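Reader: I am new to this protein and would like to learn how to read it. Could you walk me through it, one feature at a time?

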Amino acid sequence: MDWQDILENKNQTFNWQDKSPDPKIIEKIIDDVHLHCPSKLNKVPYTMEILDWSNEQRRHKIFKNTWCDENTPEDRRNPQVLAPYLFVFYPRDTGDRLANSYAQIEIGLASMFVVMSAVNYGLDIGFCGAHNDNITLSIGVGYAGPDDPEKGGTYYNPILQKEVIGVPRSEFRRSARNDAEIKPNKTEYIKRLYRL
Ligand SMILES: Cc1cc2nc3c(=O)[nH]c(=O)nc-3n(C[C@H](O)[C@H](O)[C@H](O)COP(=O)(O)O)c2cc1C
C-alpha cells in the first residue's frame, strides 16, 4: 500500500467483524516493530503483549477496565479492545534509568508502528488509552465491522451479556476534519519558524 493509502485507510475502529486476521500478518506486524521501531539505547523500555481470544477472561477484564465515565455496567467502555487481536503496551524495567524514562514516548512510537503496519497489510485498528489498570495503551487489530445497527453494527458486550449498538466509526473519522473530536487549528500547535 502506498503511504497516502495507508493514511486514508487508518481510521479509529470500534466495531469488528468476527473474521480474525491471519496470524502470519500479526507476525509481520511484530517483526516490523522489532526490526524497525527505533528505541533509545536499543533498550526497549516497554512490554508489548499480543492477545487473541484464547484467554477470554483476560480480554473481558481488559474491556471491563476501559470505562469512560464511571465503572457501572452501563458505561459505554471502549469496544475497540474487543478486536480479534489486541496489542497491549506497558512500561518495562530495562535496568537502565535513562532508557526507562523514555517508556511513554516509546510506547507511542511502537503503537504507531503497529498501526501503520497493520493498515499496510489491509487490517483496521482502534486506539485505546482509557485503561483503568496498568496498561498504558492498547491497539485493537482486525477487520472493521459495519457502523449501521440495521446492517449488523452491534457488538456483544460481555458485561451486559448482550448485543449492544456499536460506536459509529464515521463519527470519529478524520478528527482533523470533522466535528466529533476536532483538532485545534494548525496555527495553535504548529509553528512555522521559516519563510514560506
Ligand atoms: C494515545 C491515544 C489514545 C487514544 N485513546 C482513545 C480512547 O481511549 N478511546 C477512543 O475512543 N479513542 C482513543 N483514541 C483515538 C482518538 O480519539 C481519535 O479518535 C483517533 O486518533 C482519530 O483517528 P482517525 O481520524 O484516524 O479515525 C486515542 C488516540 C491516541 C493517539
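Author: Gladly. Let us begin with overall size: the radius of gyration is taken over C-alpha atoms, and the globule rule is 2.2 Å times the number of residues to the power 0.38. Keep in mind that this is a predicted model.

Reader: What radius of gyration does the protein chain have, and what would a compact globule have?

Author: With 196 residues, a compact globule would be near 16 Å, and the protein chain has 18 Å, which agrees. Along its principal axes, the C-alpha trace spans about 50 × 45 × 35 Å. As for burial, 29% of the 196 residues count as buried.

Reader: How many helices and strands does the protein chain have?

Author: There are 6 helices and 6 strands. Following the sequence, the pattern reads α-α-β-α-β-α-α-β-β-β-β-α.

Reader: Which residues are bridge partners in β2?

Author: Leu51 has Leu86 as its bridge partner in β2, and Ile50 has Phe87. Altogether, β1 and β2 pair over 6 bridges in the antiparallel sense. On to β4: 5 bridges join β2 to this strand, again antiparallel, and Tyr85 stands opposite Val141 in β4. β2 is mostly covered, with 5 of its 7 residues buried.

Reader: How should I think about the inside of a protein?

Author: Here is the general idea: in soluble globular proteins, nonpolar side chains tend to be buried together. In this structure, the largest nonpolar core has 32 residues, and Phe87, Phe89, Ala110, Val114, Ala118 and Val141 touch the most other members. Several elements each supply at least two residues of this core, including α2 (23–36), β1 (46–51), β2 (85–91), α5 (103–120) and β4 (137–142). The helix α5 gives the most to this core, with 8 residues.

Reader: What does Val114 touch, beyond residues up to four places away in sequence?

Author: Val114 touches Ile29, Val33, Phe87 and Ile139.

Reader: Then let us look at α5. How do I read a helix?

Author: An α-helix has 3.6 residues a turn, so residues three or four places apart point the same way. The buried residues of α5 include Ala103, Glu106, Ile107, Ala110, Val114 and Ala118. This helix has 18 residues and reaches 25 Å from its first C-alpha to its last, close to the 26 Å expected at 1.5 Å a residue. Just after α5, Gly122 takes a positive phi of about 90 degrees.

Reader: Is Glu106 buried or exposed?

Author: Glu106, which lies in helix α5, is buried, because 22 other C-beta atoms lie within 10 Å and the cut-off for buried is 20 or more. Leaving aside neighbours within four places in sequence, Glu106 is in contact with Ser39, Lys40, Pro45 and Tyr46. By contrast, the C-alpha atoms of Glu106 and Phe14 are separated by 24 Å, and these two residues are 92 residues apart along the chain.

Note on methods: Residues are numbered from 1 along each chain as its sequence is written. This is a predicted model: local features need pLDDT of at least 70, side-chain atom pairs count only at pLDDT 80 or more; totals for chains, interfaces and linings use all residues. A nonpolar core is a set of buried Ala, Val, Leu, Ile, Met, Phe, Trp, Tyr and Cys residues joined through C-beta atoms within 7 Å. A residue is buried if 20 or more other C-beta atoms lie within 10 Å of its own, exposed if 12 or fewer, and partly exposed in between; C-beta atoms are placed from the backbone. Helices (H or I, at least four residues) and strands (E, at least two) are DSSP runs, numbered from the N terminus. Two residues are in contact if their C-beta atoms, placed from the backbone, lie within 7 Å. Two strands pair if DSSP finds at least two bridges between them. The expected span of a helix is 1.5 Å times one less than its number of residues.
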